[in-house]
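Please open the structure in a viewer and keep the selection tool at hand.

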Amino acid sequence: MLNMAFKCILWFAQEHVNFRISEFESLAKMFGLQFRLVSQQLLKPFWIVEFPSEKTALQYASRSVALRAIFELYSYANTLPDFHNRLRSYVDTHHKELARHFSIDSSFKITVETYNKHFSQREKVEKIETMDYLPIEGAVNLKNPLVEWWYLEFWGLDPKAVPPVPEDILFGRLLAQGQRHLIKDLSLKKRKFIGNTSMDAQLSLLMANQAMVRDGDLVFDPFVGTGSLLVSAAKFGGYVLGADIDYMMVHAQCRPSRISQRVREKDESIRANLKQYGCADRYMDVLVADFSNPLWHPRLSFDSIITDPPYGIREATEKVETKKRAKEDTRSEDMIHYPSTSHYSLQSLYCDLLEFSAKHLKLGGRLVCWLPFHREDYDEEMLPHHKHLRLVANSEQPLTGNTSRRLLTYEKSSEYSHSEASESRTTFLNTPSEDFRDRYFNNALESRKDRRMRKSELRELGRLEMASRGKIPTDARAKKCDLNKARFA
């Protein structure tokens, strides 16, 4: 049995909590890491995990986006007396190994961090002074220390019910920071080309980690949009390829999404995004293609497929329409042909997506995709299944009061045979014939038309009341419309 001799503290950001377990397990599998999870409550920001060595722990920290920092564990307890006793015992027991960190040549810094509790600077100093038994001989260096120790206290998850004493007290040496700096580096605020549905940088990085994107992998996004998922995959070393039915989006000729931008710049493109982040050499191509009519050669295989299909809310779900009866051809040779499109139901889309993944993923490759649903309908049985794909992760992100979406991660478990009749099953929603978009807009207590009429009546009543008080009513809606006209004039 492998010796798990290196105990660590993992400090996670308390954001997208449901995704941290899936990311941790995916990265552990990608690197082939052995570990033992000591912590039982995984909603806490502090986990205690045992690894075989410090090198193994640093491998995980080199990719994790959910991780804030990782520490070598010195002491952990639920009460202050136990904490200090264990810290003294650890220092005495491991005196030889720790001597270089406590030596006179090693500058240091001690940071006090609390969760769900605020400490003043004086209180933090008092916490540090309670550990005056540590045999530290080096000089204090707050800006660039050689060794950095952290004292951590966890005061529960509920800010409205803070316990009288901390639930967990931990102390350890900082090993490395997580990769959360990438969230700021890839922020949509400064990105060259974005659209209405561009994926948030943090979520796209989490998706790339769950897809286990390695250096040199071939990654495909069949609903590429503005290429946010390609950026994250390329940042982790993947060669990226995309496709989308929307010609205007792929060629960056659609209306700008930024309110301060009237027209798109000439050099906006998905490739420009990758060039912006130093990943232009990882860009293969982006095609205008209808996903319902695949054009890919059967021998083409991908290491991972990462995508966010359209839900029909802010982007239409469309496919090229196949007409049963051909009409008389009235086109001339010099006319541009724009194929007509029809509605592409989510049920059909996900069936096609799983079938495509089963055909074109390498064995062990992963499909990572979002599935929207209404919370009142959710049941694991409604998730799409395919006999060649195994569901390995399922994390929820709330969208509105009654809708959510789940990040589903499938792994190809067996080879696809083109000679067999492949079976994919999608039981999407309790009523498969009813689309997500229809329910999203029509499942409310009042329809959109009724809501508009009610708000219009309230505005008119407000104008009448203002007029009765001698005030001149202003039409804010008209002003907003005028501003929009001026913006795109």
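Which residues do ring pairs link into a cluster? In this predicted model, select Phe220, Phe223, Phe291, Trp296, Phe302 and Phe356: these residues form the cluster, joined through pairs of rings.

**The whole chain**

Next, display the entire chain as a cartoon. It contains 14 helices and 18 strands. The C-alpha trace extends about 90 × 80 × 45 Å along its principal axes. Of the 489 residues, 46% count as buried.

Trp11 belongs to strand 1 (residues 6-12) and Trp150 to strand 6, so the pair ties together parts of the chain that lie 139 residues apart in sequence.

Are these two side chains buried or exposed? Trp11 counts as buried because its relative accessibility is 11%, under the 20% cut-off. Trp150 is likewise buried, with a relative accessible area of 10%.

**A charged patch**

Now show the surface and select Glu123, Glu126, Glu129 and Asp132. These residues gather there in a patch of negative charge. Centre the view on Asp132, which is located in the loop between helix 5 (121-129) and strand 6 (147-154). Asp132 is exposed, because its relative accessible area of 64% is over the 50% cut-off.

Notes: Residues are numbered from 1 along each chain as its sequence is written. This is a predicted model: local features need pLDDT of at least 70, side-chain atom pairs count only at pLDDT 80 or more; totals for chains, interfaces and linings use all residues. Side-chain values use heavy atoms; hydrogens and water are left out. Patches are made of residues with over 30% relative accessible area and no salt bridge: like charges are joined within 9 Å, nonpolar side chains (Val, Leu, Ile, Met, Phe, Trp, Tyr) within 5 Å. Accessible areas come from the Shrake-Rupley method with a 1.4 Å probe; for residues, only the protein chains shown count as cover. A salt bridge is a side-chain nitrogen of Lys or Arg within 4 Å of a carboxyl oxygen of Asp or Glu. Lys and Arg count as positive and Asp and Glu as negative; His and the chain ends are not counted. The place of a charge is taken as NZ of Lys, CZ of Arg, CG of Asp or CD of Glu. Helices (H or I, at least four residues) and strands (E, at least two) are DSSP runs, numbered from the N terminus. Buried means under 20% relative accessible area, exposed over 50%, partly exposed in between (1.4 Å probe, protein chains only). Rings of Phe, Tyr and Trp (its six-membered ring) pair if their centres lie within 6.5 Å; planes under 30 degrees apart count as stacked, over 60 as edge-to-face and the rest as tilted.
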